[in-house]
Amino acid sequence: VTAPPHISREREEYQMSYRRDDRDRGRYGGGRDRDRDRDFRGGGGRHGRNGGGGGGRGGAARFATILGSEDDKVNCPFYYKIGACRHGERCSRVHIKPNFSQTVLIPHMYQRPGPGADGLPVDDLDHFENFYEEILDELTNYGPIEELNVLENMGDHLVGNVYVKYKTEDGGEKCCTSLRGRYYGGNMLMPEFSLVTNFREARCRQFDEDQCNRGNYCNFMHIRRISK
């Protein structure tokens with residue numbers, strides 16, 4: 001029995017679509033979602049510790065370009081770029097937390113001195129630079145450091161945050177393992193691996209030019225300057 005022309009055409013289009021989907025699954029090793037799940041977990045994806053390449057071009061390449069951008073409707077762009085999000089666990093998007101990284105975030109490690117006798121904030125320049133030298137001496141024990149940044153932001157998710165980027169992931173791992181559970185200034189340290197490796201993308205360029213109109217409650221990094 002010969003099917004009517006419109007049914008034959010629909011069947012042929014369906015079969016072509018099926019073959020194309022099957023070919024794409026073979027090309028990308030199981031689809032974009034599986035690649036996303038493997039990323040940052042050492043399971044062989046594009047960012048995996050032992051991974052060889054996460055697939056070919058096309059869908060996988062597009063996913064790589066939108067990851068952490070405003071076009072990424074799944075993952076939180078601020079957490080991806082800054083390592084912190086003002087919404088915290090209430091955020092509607094996913095916070096990708098890596099199991100290893102060159103960069104370690106130590107939340108709220110820097111504590112500003114209390115106000116003066118008049119109740120006004122005091123100049124903390126000497127206090128800050130002594131803090132910076134002290135932690136630099138400690139953090140270099142775990143490996144060569146590429147960057148050490150302390151934030152000036154006042155938002156709850158950024159205040160006092162310290163970011164240290166090592167040359168290797170081994171340095172980051174030693175830092176996390178050694179500092180976790182230790183105390184500094186009366187507060188327990190809870191270091192964590194961070195996705196942030198490009199601080200040019202994370203920092204507030206307007207702040208660097210003394211032009212940020214959001215002040216210290218800006219959601220991009222206001223990195224403190226070192227005078228020494």
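## A buried histidine

H157 counts as buried because its relative accessibility is 17%, where buried means under 20% relative accessible area, exposed over 50% and partly exposed in between, with a 1.4 Å probe and protein chains only. This is a predicted model, in which local features need pLDDT of at least 70 and side-chain atom pairs count only at pLDDT 80 or more, while totals for chains, interfaces and linings use all residues. Residues are numbered from 1 along each chain as its sequence is written, and side-chain values use heavy atoms, with hydrogens and water left out.

To find H157, look in the loop between strand 2 (145–150) and strand 3 (162–166). Helices (H or I, at least four residues) and strands (E, at least two) are DSSP runs, numbered from the N terminus. Which residues does H157 contact, leaving aside its neighbours within four places in sequence? They are A84, C85, R86, H108 and N219, and contact here means heavy atoms within 4.5 Å. With N219, the side chain of H157 also makes a polar contact of 3.2 Å. A polar contact is a pair of N or O atoms within 3.5 Å; within protein, one must be able to donate a hydrogen and the other to accept it, and residues adjacent in sequence count only if both atoms are side-chain atoms.

## A partly exposed lysine

Now turn to K97, in the loop between helix 4 (77–82) and strand 1 (103–106). Is K97 buried or partly exposed? K97 is partly exposed, because its relative accessible area is 47%.

Not counting residues up to four places away in sequence, K97 touches Y79 and E89. The C-alpha atoms of K97 and S194 are separated by 7.1 Å, although these residues are 97 apart along the chain.

## The whole chain

Let's step back. The chain has eight helices and six strands, and from the N terminus on its elements run α-α-α-α-β-α-β-β-α-β-β-β-α-α. Of its 228 residues, 36% are buried. If you take contacts between residues at least 6 apart in sequence, 57% of them join residues at least 24 apart.

## How confident is the prediction?

The predictor's confidence in each residue is called pLDDT and goes from 0 to 100. For this chain the mean pLDDT is 78, and 68% of the residues reach 70 or more. Over residues 1–8 the pLDDT is below 50, and this stretch has two contacts in the model beyond near neighbours in sequence. Residues 13–57 also have pLDDT below 50, and that stretch has 57 contacts beyond near neighbours in sequence.
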